[in-house]
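Welcome, and thanks for taking a look at this protein. Here is a short briefing to read alongside the sequence and the model.

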Amino acid sequence: MKVWIAGLVALLSLPFPLSQGLAHERMEHIKVPADYRGKKNPYWTDLRAIIAGSRIYKEKCELCHGPEGKGDGILGRTLDPRPADFTQSRMMAETRDDYLFWRVSEGGGFPPFNSAMPAFKEVLSEEEIWQVLAYVHAFSHIRLLEHRPGEEIQKGLPEEGEED
Ligand code: HEC
């Protein structure tokens, strides 16, 4: 477990060009609304945030996005359009913070998405959205998540109530 966490920390500390690069194909025509534009995730590499995000993911996202983030959750498999595959590192690397935050906040119930992606702005706090995005982002970076990392991560969690 120690080794695993050390590996995670090492991998997460790599500098990844998250908000650079070309636009994601679909995003070329999609403008992030002014209310969301320019927002930045304070937590991409924060292990505590990723761990907190793993709990949120299990509860709120896994059904559709799948245990490994491949878009193949029990419900996700039945949807059209299908949920995003977060293991596509190219896609994730080309997707900007503000775009992801907007998509989780407002969901997909409007054009051009017209999808079953729910809006979470009334369900999750801003901090929780960044946490779950930090976890989702880890799917694309770490083969770490190959064997249900959610579960692995949970084992290393501090006890409930043990905050700093
Ligand atoms: C009811 C099923 C469902 C649930 C639950 C769900 N999603 Fe989605 N999500 C989708 C679908 C379908 C899409 C693809 C269509 C779209 O982009 O709207 C999607 C797309 C997304 C995208 C956009 C990806 C991109 O590249 O454009 C993000 C980010 C996302 N989901 C994150 C989450 C997070 C985080 C949660 C949990 C807090 C979550 N989703 C819960 C169905 C779901």
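Which residues of α5 are buried? They are D97, Y99, L100, F101, W102, R103 and V104, where buried means that 20 or more other C-beta atoms lie within 10 Å of a residue's own, exposed means 12 or fewer, partly exposed is in between, and C-beta atoms are placed from the backbone. This is a predicted model, in which local features need pLDDT of at least 70, side-chain atom pairs count only at pLDDT 80 or more, and totals for chains, interfaces and linings use all residues. Residues are numbered from 1 along each chain as its sequence is written.

**Overall fold and confidence**

- The protein has 7 helices and 0 strands; helices (H or I, at least four residues) and strands (E, at least two) are DSSP runs, numbered from the N terminus.
- Of its 164 residues, 29% count as buried.
- Among contacts with a separation of 6 or more, 69% link residues 24 or more positions apart; a contact means that two C-beta atoms, placed from the backbone, lie within 7 Å.
- The average pLDDT is 78, and 68% of the residues score at least 70; pLDDT is the predictor's confidence in each residue, from 0 to 100.
- Confidence is highest in α3, at 96, and lowest in helix α7 (residues 149–155), at a mean of 45.
- The pLDDT is below 50 over residues 13–25, a stretch with 17 contacts in the model beyond near neighbours in sequence.
- Residues 143–164 also stay under 50, and the model gives them 21 contacts beyond four places in sequence.
- Where pLDDT is low, the predicted coordinates should not be read in detail.

**The nonpolar core**

- The largest nonpolar core has 26 residues, and V132, L133, A134, Y135 and V136 have the most contacts inside it; such a core is a set of buried Ala, Val, Leu, Ile, Met, Phe, Trp, Tyr and Cys residues joined through C-beta atoms within 7 Å.
- At least two residues of this core come from each of α2 (47–60), α5 (97–106) and α6 (126–141), and α6 gives the largest share, 9 residues.
- Leaving aside residues up to four places away in sequence, Y135 touches I50, G53, S54 and Y57.
- V136 lies in helix α6 and is buried, with 23 other C-beta atoms within 10 Å.
- The C-alpha atoms of V136 and W44 are separated by 9.7 Å, although the two are 92 residues apart along the chain.

**Helix α5**

- Because 7 of its 10 residues are buried, α5 is largely enclosed by the rest of the structure.
- The cover over its buried residues includes α6.
- G107 follows α5 and has a positive phi, near 75 degrees.

**Around the ligand**

- The ligand is surrounded by 24 residues, the closest being C61, C64, G108, S115 and M117; a residue counts as near if its C-beta atom, placed from the backbone, lies within 6 Å.
- The elements giving two or more residues to this shell are α3 (62–65), α5 and α6.

**Backbone details in the loops**

- The peptide bond from D80 to P81 is cis, with omega near 0 degrees; P81 sits in the loop between α3 and α4 (89–94).
- P111 and P112 are also joined by a cis peptide bond, with omega about 5 degrees, and P112 belongs to the loop between α5 and α6.
- N114, found in the loop between α5 and α6, has a positive phi of about 45 degrees although it is not a glycine.
- N114 is exposed, with 11 other C-beta atoms within 10 Å.
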